[in-house]
Every structure is written in C-alpha cells, then in structure tokens.
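Q: I would like to learn how to read the packing in a model. Could you take me through it?

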Amino acid sequence: MASASFRQKNATNSDSSIDIGRLLQSKVGLEPVTAGLKAAAEKLQRMGLISYRQCEYVRCAFTEDEDFRDSNRTCGGRLPINADLDENAGDYRCPECNRVIHPYSQQKRKFQEIRAKVLEDGVRAYIEKLLAEFGDSVRAVDGVPYVWR
C-alpha cells in the first residue's frame, strides 16, 4: 500500500506528457487528433516552443472507400485536402502510385492529423529562462549552440 504522501499519477497528466513528448519529437503527422493532443499542441504553441497545424487528408487505398476495388490495394499514399485543388481537373494525384483521386465525388473517408514543427529559437529562450534561475553559475558555451555550462 502506498504511503499517505505518495501521489498517484493522474491519467490526464500522464497522457498530456505523452502528447507533449510526441509533439516535440515528431517529424510526421500525429494521429488520432484527440482533445488532449490538441490541448498539448496549443499549450506548446503559446509557450513559443512549436508551431502546428491540423490537416485533413484522404488515403489512396482505404478498404471502406467506394473506389477501393479500383485502387492499388497496397498503396499507402496520403493526399492532403486543399481547398485550392480541383478534383475534376485531376489535381488530386497520389504521390505513391500516381492514381487520380476524387475525394469528394467518391466520398472518400477523411482523416485528421496534427503536424508540429519545433521552433529552435523558442526552445532556446525557454531553456535560458529556466537556467536563469540558477544565476551566474550557468553560462552558455561560446561557439557551441544549445550548450550551457
């Protein structure tokens, strides 16, 4: 049995820290877009550590789409939905197999993802702010970015 002073992990805080870690490490889109992931992204953006955008895309070959039988069933291509593109002009073309996709007329299922970019200057400012609490005992190493002594 845990002692009275033992603080149990709150599932929300644990999930939040996982989402924050994913956003700071990711080089690809993150799914599924949950309320927690979006809240973590907004928090990190307010802190100046990341910029992010929520995107919508369709998959070239998805079993639940009506055009699945006409597709290359092993294709993993993803096409971002863009209001500037015209599906009737063939603007939606799979980057993997080059097949023309019709996301609206074929009622393809749309997926959401968050794409985050870590802002190096924001991370540096945040770390310097934390290190300032130690006073003059912490100094940046000349000529070596992001290294303090």
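A: In this predicted model, I50 touches L24, A41, L44, Q45, A116, K117, V118 and L119, leaving out residues up to four places away in sequence, where contact means heavy atoms within 4.5 Å. Residues are numbered from 1 along each chain as its sequence is written, and side-chain values use heavy atoms, without hydrogens and water. Local features need pLDDT of at least 70 and side-chain atom pairs count only at pLDDT 80 or more, while totals for chains, interfaces and linings use all residues; pLDDT is the predictor's confidence in each residue, from 0 to 100.

Q: Which residues make up the largest nonpolar core?

A: In soluble globular proteins, nonpolar side chains tend to be buried together. A nonpolar core is a set of buried Ala, Val, Leu, Ile, Met, Phe, Trp, Tyr and Cys residues joined through side-chain atoms within 4.5 Å, buried meaning under 20% relative accessible area (1.4 Å probe, protein chains only). Here the largest has 11 residues: I20, L23, L30, L37, A40, A41, L44, L49, I50, I114 and A116. α2 (35–46), a helix as a DSSP run of H or I with at least four residues, gives the most to this core, with 4 residues.

Q: How reliable is the chain, in terms of its mean pLDDT?

A: Where pLDDT is low, the predicted coordinates should not be read in detail. The mean for this chain is 85, and 91% of its residues reach 70 or more.

Q: Is D65 buried or exposed?

A: D65 counts as buried, at 6% relative accessibility.

How values were computed. Buried < 20%, exposed > 50% of the residue type's maximum accessible area, 1.4 Å probe, protein only. Helix = DSSP H or I, 4+ residues; strand = E, 2+ residues; numbered from the N terminus.
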